[in-house]
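Student: I have this entry open and would like to work through some of its packing with you. Please take it slowly and stay with what can be checked on screen.

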Amino acid sequence: MGVPEIIIIVSAVLIVGGVAASAIVRKLKGKRGCSGCGCAGCPYGSSCGGRRERKRDNDKKQDVV
Amino acid sequence: MKKFALAGNPNSGKTTLFNSLTGSTAHVGNWPGVTVDKREGIYKKLKEPVAIIDLPGIYSLSPYTPEEVISRNYILDEKPDCVVNIVDATNLERNLYLTTQLLEIDVPVIVALNMIDEVQKAGDKIDAQKLEQKIGVPVVAISALKGDGIDQLMKRAYECSKVGRNARTVLEGGALSHLIRDCRIALEGAGVENALFHAVKLVEQDEIETKQHPQAAETVQKFKETFDDETFGSDFEAIVADSRYKYISQNYSNALIRSGKSGKEKLTRSDKADRILTHRIWGIPIFLVILFAVFHLTFSEDLFYLGSMGALGKDWVSLQGMWGEGVFGSAEGIASPGVILFNLLDCITSSISGAISSAMNNGGVAQWATGLVVDGVLGGLFSVLSFLPQILLLFMFFSLLEDSGYMARVAFILDRLFRRFGLSGRAFMPMIMGFGCSVPAMANTRTLADENERLATIRVIPFFSCGAKLPILTAIAGGIAQMTGTGNADIITYSMYLLGIIVAICAVLLMRSTTMRGEVSPFIMELPSYRIPQAHSLVMLLWDKMKHFIKKAFTIILASTILIWFVSHFSFSWEYLSDEKMNESILAGIGKLMQPLFTPVGFGSQLGEWGWVFVVAAITGLIAKENVIATFGTLATCITGTFVADETLGGVDSVAQMISATGIGVPALIAFIAFNMLTIPCFAAVATARAEMPSKKKFNYTLLFWVASSYIVSSMIYLIGQWWWTVFIWAGLWAAAITVVVLYNKGKINFRIKKNKITDKRS
């Protein structure tokens with residue numbers, strides 16, 4: 001097995017693993033699965049970002065305490 | 001950070017202002033009810049950054065639908081630093097009705113007179129200063145679309161937010177003012193915030209308020225028993241509404257100076273266009289013609305049927321002998337804009353595949369690795385990406401129709417038809433959104449007040465073929481056109497879209513006459529004026545769609561093609577299989593196991609050794625619908641080599657070749673499209689349906705409904721197409737089903753178990 005074959009296998013594993021891992025992370029963060037219809041048309045678009053904002057706010061409050 | 005909330009009537013331009021302030025690309029549309037959830041953004045041009053919250057449109061602070069509740073609760077509970085009340089200046093009186101209610105809350109309010117450019121264009125004038133003096137809060141004339149007056153609006157809103165404001169009401173001195181005052185004192189004594197607002201709502205006998213403050217509600221009820229108005233009797237809600245409108249008319253309306261043209265002269269272009277487009281007889285046929293024109297321009301390989309009419313020479317091919325031969329058309333006809341873009345992208349992707357394949361072969365890379373990259377990954381990925389131009393073009397046409405204000409008219413003309421099937425015309429808007437994506441469409445059903453109507457609409461939204469299903473329709477329609485030798489893929493695609501609509505209507509009829517019976521809510525919708533769609537918002541929408549499509553293609557679809565290639569080239573004993581031996585692969589094994597289940601729908605056991613391809617494609621489509629064609633694309637190049645001599649075929653051509661080579665018939669292909677179109681949608685849509693459903697039980701029934709509908713409809717298509725006489729059997733079955741429904745509705749059949757009798761027997 002040469003270098004190109006190894007690169008192809010590693011890339012394939014990374015892509016599949018990366019997509020699966022990001023899906024699990026999103027799920028754990030409580031975000032919805034995005035169907036790819038676009039954030040502009042998506043009523044949940046702002047809540048994806050909003051959730052992060054709120055978390056940051058909470059973190060700040062805890063820091064103050 | 002300070003929070004400014006944008007509140008106003010539906011379609012008054014809140015989201016346009018929000019986009020303008022925050023640089024967002026939130027979807028705007030020329031119809032009421034586009035926004036169903038609040039959005040947040042940041043405005044950075046003031047001394048400090050300010051959070052802007054775009055709220056769903058509301059006509060009043062007495063909510064009827066879930067998205068109206070969001071707006072009311074936000075203003076009352078989240079206590080924004082300033083409420084920017086967007087008022088449609090072209091419809092001043094009605095819009096100021098909400099303003100009079102906002103004034104009753106202890107929150108700084110600023111009025112933004114939006115669409116002032118349209119008022120000026122009509123020759124009218126609004127004296128903003130005079131209006132400001134009368135209302136008692138700042139009034140700024142703006143045009144959210146053109147960006148006029150926005151900076152001034154924000155500066156004044158910022159100043160307002162620093163001062164604060166005490167609530168006041170325009171109902172002072174009216175017949176119910178004493179009662180309002182008594183309620184206010186009682187509520188203030190109980191420590192209720194925004195006592196004046198709650199007092200007025202209590203007097204209006206608002207359902208939420210009555211439940212929250214039962215003691216004060218009792219006082220109102222007692223007073224009501226002794227009260228009798230000449231016009232409205234003791235209908236306090238009507239008295240309050242009338243008082244507000246009278247106040248607006250007497251105090252605010254004179255700020256509007258009309259140009260003085262007579263009613264006939266004032267007949268706008270919108271009114272004239274509506275005489276034709278919303279005609280009670282021609283309205284629906286005109287809509288169907290417009291819809292067909294959209295599909296023809298997107299999918300037809302024979303533009304205006306010039307080829308079929310013999311207007312082109314027999315050997316005519318565009319760019320003959322050059323790169324991109326046939327891109328603009330061939331003897332079959334001139335290609336439509338959608339097909340030209342599709343052909344161009346197909347040429348580019350085929351060239352890339354060819355170049356990579358040559359480079360890998362010349363570099364001595366192992367055959368399996370070349371197969372994985374070229375046939376597996378690129379074959380699958382490019383067959384999906386090729387459809388991107390057609391998807392964008394279709395979205396563009398739909399967006400143009402929506403932004404122009406035509407779609408709102410369609411909802412209006414379909415109301416009469418929909419009403420017969422148990423839905424109101426309002427349900428049409430989320431359905432039309434379903435052509436883009438089921439996720440926002442399902443969320444948009446929040447604008448429907450009736451729970452059963454909302455549930456029925458959510459269930460049928462996936463039947464309106466979304467952008468992700470478009471590659472399935474187009475590729476299979478292309479395959480059918482190739483098999484039958486016709487160039488009319490557009491007619492097949494259009495017919496499949498119509499099939500989705502018809503099945504949706506039949507399903508709604510069935511649901512609304514059995515398990516989801518109820519009154520159809522009245523449909524009142526303000527028809528927006530026709531407007532020229534804005535190029536900027538259209539480009540932003542298409543850019544957003546393209547970005548997400550490409551992102552999806554290079555993540556989930558790319559990963560899927562790798563997995564599909566892997567399981568289709570390895571056996572259960574982990575042995576690598578060449579293309580010819582794919583029938584022994586893991587994927588083939590799983591597909592063959594499930595094949596008998598799909599025999600009644602035409603792509604099961606009857607297809608022989610390669611039939612499993614259709615089964616696995618349908619299953620992978622449950623993750624994302626684009627996967628159906630990605631699976632075909634990945635498998636096609638490998639399979640085609642075993643059937644046909646021309647192994648150089650790539651992309652969609654190889655898919656069409658593979659479809660022909662499996663021996664599947666036209667009825668089974670149409671059944672395959674129908675199955676994929678009507679069955680359980682993608683994961684994201686399923687998750688949204690779960691979130692929007694009132695209970696898990698109803699969600700489970702919904703899943704069952706999708707499986708049953710797809711299976712029944714596709715088997716009907718296949719069996720009738722294959723053996724025409726089965727139409728009588730189906731007719732008989734449907735007649736029996738309808739009879740059962742009618743008898744059930746008349747109470748002559750009861751499916752419920754009589755619990756009492758069972759209890760009696762036990763005892």
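Student: Which residues in α22(B) meet α28(B), and which ones do they meet there?

Tutor: From α22(B), B:Met496, B:Leu499, B:Gly500 and B:Val503 take part, and they meet B:Ile670, B:Ile673, B:Ala674, B:Met677 and B:Leu678 in α28(B), where contact means heavy atoms within 4.5 Å. By class, eight of the residues in this contact are nonpolar, one is polar and none is charged; nonpolar here covers Ala, Val, Leu, Ile, Met, Phe, Trp, Tyr, Cys and Pro, charged covers Asp, Glu, Lys and Arg, and polar covers the others, Gly among them. Bear in mind that the model is predicted, with pLDDT of at least 70 required for local features and 80 or more for side-chain atom pairs, while totals for chains, interfaces and linings use all residues. Residues count from 1 along each chain as written, chains are lettered from A and ligands numbered from 1 in the order written, and side-chain values use heavy atoms, without hydrogens or water.

Student: How do the axes of α22(B) and α28(B) cross?

Tutor: Helix α22(B), residues 489-512, and helix α28(B), residues 666-678, have axes that come within 11 Å and cross at roughly 50° (axes are fitted to C-alpha atoms, for helices over the stretch in contact, with angles of 0 to 180 degrees between N-to-C directions). That angle makes α22(B) oblique to α28(B), since under 35 degrees is roughly parallel, over 145 roughly antiparallel, 65 to 115 roughly perpendicular and the rest oblique. Helices are DSSP runs of H or I with at least four residues, strands are runs of E with at least two, and both are numbered from the N terminus.

Student: Moving on, how do α13(B) and α17(B) cross, and which residues meet?

Tutor: The axes of α13(B), residues 283-299, and α17(B), residues 406-420, come within 10 Å and cross at roughly 130°, so these two helices are oblique to each other. On the α13(B) side the contact uses B:Gly283, B:Ile284, B:Ile286, B:Phe287 and B:Ile290, while α17(B) brings B:Tyr406, B:Val410, B:Ile413, B:Leu414 and B:Leu417. The classes in that contact are nine nonpolar, one polar and no charged residues.

Student: And what about the axes of α7(B) and α8(B)?

Tutor: The axes of α7(B) and α8(B) come within 8 Å and cross at roughly 130°, and the two helices are therefore oblique to each other. The α7(B) residues involved are B:Leu179, B:Ile180, B:Cys183, B:Arg184, B:Leu187 and B:Glu188, and those of α8(B) are B:Ala195, B:Leu196, B:His198, B:Ala199, B:Val200, B:Leu202 and B:Val203. By class, that contact has 10 nonpolar residues, one polar and two charged.

Student: What do the buried residues of α11(B) pack against?

Tutor: They pack against α3 (92-102), α5 (128-135), α7 (177-189), α8 (195-203), α10 (214-226) and β8 (256-257) of chain B. The buried set of α11(B) is B:Phe236, B:Ile239, B:Val240, B:Ala241, B:Arg244, B:Ile248, B:Asn251 and B:Tyr252, where buried means under 20% relative accessible area, exposed over 50% and partly exposed in between, with a 1.4 Å probe and protein chains only.

Student: What does B:Ser71 touch?

Tutor: Not counting residues up to four places away in sequence, B:Ser71 touches B:Leu55, B:Pro56 and B:Ile58. B:Ser71 belongs to helix α2 of chain B and is buried, with 0% relative accessibility.

Student: Last topic: where is B:Trp574, and what is its phi near?

Tutor: B:Trp574 sits in the loop between α23 (535-568) and α24 (586-594) of chain B, and its phi is near 60°, a positive value in a residue other than glycine. At 59% relative accessibility B:Trp574 counts as exposed. Most residues other than glycine have a negative phi. B:Lys79, with phi near 45°, is also positive; B:Lys79 lies in the loop between α2 (66-78) and β4 (82-88) of chain B and is partly exposed at 45%.
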